[in-house]
Amino acid sequence: MSLAPSSLTDKVTTFSLGAEIVAAAFLDATPAFAGAEGQVFLGVGGARAVTAHEGAVLCAVADGARLVTGGDDGRVVETHADGTTAELAAHKGRWIDRIASGPDGALAYSAGKTAFVIARGETKRFEAPSTVGGLAFAPKGLRLAIAHYGGATLWFPNAPSAKPELLGWKGSHLGVVFSPDGRFLVSTMQEPALHGWRVVDGAHMRMTGYPSRVKSFAFTADGKWLATSGSGEVVMWPFQSKDGPMGKAPTMLAPSASSRVLVVACHPKDPVIAAGYEDGMVLMARISDGAEILLRAPDADPVAAIGWHPAGGAVAYATRSGAAGVLAF
């Protein structure tokens, strides 16, 4: 990290939510935080708390209008900015492990080896060969990537005659993401590595060299870079060419001499990333020149979640203990 990054800490509205946080997002202009014990906190200061689950929240995703959570109570629940909630699905005795939002309000979630897609009022299901590790919708069309042991399966829920396509690679695949143009699919591994495929022909891409497992990753809005956690800096893999990062070294942003990146979040429009660290620090960094802005100083409270406003005009973060902040530009 540079000796003295610019600071906007005095512009951040900080508050305590009093609970462990697993996700941060914006619902229209309202910041929303999913608590690990089933509550969703709405508004600056978490002024409104609603109970979405009777038990732990295991996964969460936001699409700008709603925050959808899955819990160990077997329920999938959407929460809106006004505090209203609705149950979208219930599977008694099962855990909702993974969740993803898609085009036109589509939603995917998983329980064990079963992936479900809710689209236009209908629910479709797919049995994966092993426990679902991650879910991601392609940017166009209703196509879902399902990560599992041995690779990822591409599935068209609305085309029962289309055979699911396996993109294979040995090992346990967890989180998964499409590039914004749909040309590449990348998964995190149980080992400290990423694996990618070029969707058109299944060509493989190995991204290794991490000191720890990658738990957070996201493409920039223009699709040129994949930002990842798992190291003492944000590791940025180049995806500008038809071969993606193959044969190319990653770029490093926002290095820390004493901590490790836990969370990355890409600005929805501009080449800017926000990163949260194990020591509680939150930084914004500009990709073009590496310029850094400090949003939260280190204090040994690990950052758990970062979310951008869908238009990019604000960012919210929360730590594991529930210390939160919102910065509006």
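**F116 is a buried aromatic residue, with a relative accessibility of 4%.** Buried stands for under 20% relative accessible area, exposed for over 50% and partly exposed for values in between, with a 1.4 Å probe and protein chains only. The model is predicted, and local features need pLDDT of at least 70, while side-chain atom pairs count only at pLDDT 80 or more and totals for chains, interfaces and linings use all residues. Residues are numbered from 1 along each chain as its sequence is written, and side-chain values use heavy atoms, with hydrogens and water left out. Rings of Phe, Tyr and Trp (its six-membered ring) are paired when their centres lie within 6.5 Å; planes under 30 degrees apart are called stacked, those over 60 edge-to-face, and the rest tilted. By this rule the structure has six aromatic pairs. One of them joins Y109 and F116 in a stacked arrangement, with 4.8 Å between the ring centres and 15 degrees between the planes. Y109 is also buried, its relative accessible area being 1%.

**F184 and F239 form an edge-to-face aromatic pair.** Their ring centres are 5.1 Å apart, and the planes make an angle of 75 degrees. F184 belongs to strand β18 (residues 184-189), whereas F239 sits in the loop between β23 (234-238) and β24 (251-253), so the contact ties together parts that are 55 residues apart in sequence. Strands (E, at least two residues) and helices (H or I, at least four) are DSSP runs, numbered from the N terminus. F184 and F239 are both buried. With F219, these two residues make up a cluster linked by ring pairs.

**An open sheet of four strands runs in the order β21-β22-β23-β24.** The strands pair in the antiparallel sense. The edges are formed by β21 (217-219) and β24, each of which pairs on one side only. From one strand to the next the twist averages 25 degrees; axes are lines fitted to C-alpha atoms, for helices over the stretch in contact, and angles run from 0 to 180 degrees between N-to-C directions. Two strands count as paired if DSSP finds at least two bridges between them. Three bridges connect β21 with strand β22 (residues 225-228), again antiparallel. Across from F219 stands L226 in β22.

β11 pairs with strand β12 (residues 107-111) through four bridges in the antiparallel sense. Within this pairing, A100 has A108 of β12 as its bridge partner.

**R198, D201, K242 and D243 are connected in a network of salt bridges.** A salt bridge places a side-chain nitrogen of Lys or Arg within 4 Å of a carboxyl oxygen of Asp or Glu. Side chains of opposite charge can pair when their charged atoms come close. The structure has 13 salt bridges. In the contact between K242 and D243, the N to O distance is 3.6 Å. K242 is exposed, with a relative accessible area of 57%, and D243 is partly exposed at 32%.

**D73 and R75 are joined by a salt bridge between their side chains.** The distance from N to O is 3.5 Å. D73 is buried, at 17% relative accessibility, whereas R75 is partly exposed, with a relative accessible area of 23%.

**R183 and D181 form a salt bridge.** Their closest N and O atoms lie 2.8 Å apart.

**C59 is a buried cysteine, at 9% relative accessibility.** C266 is buried as well, at 14%. A disulfide is a covalent bond between the sulfur atoms of two cysteines. The criterion is a pair of cysteine sulfur atoms within 2.5 Å. A search of the whole structure finds zero disulfides.
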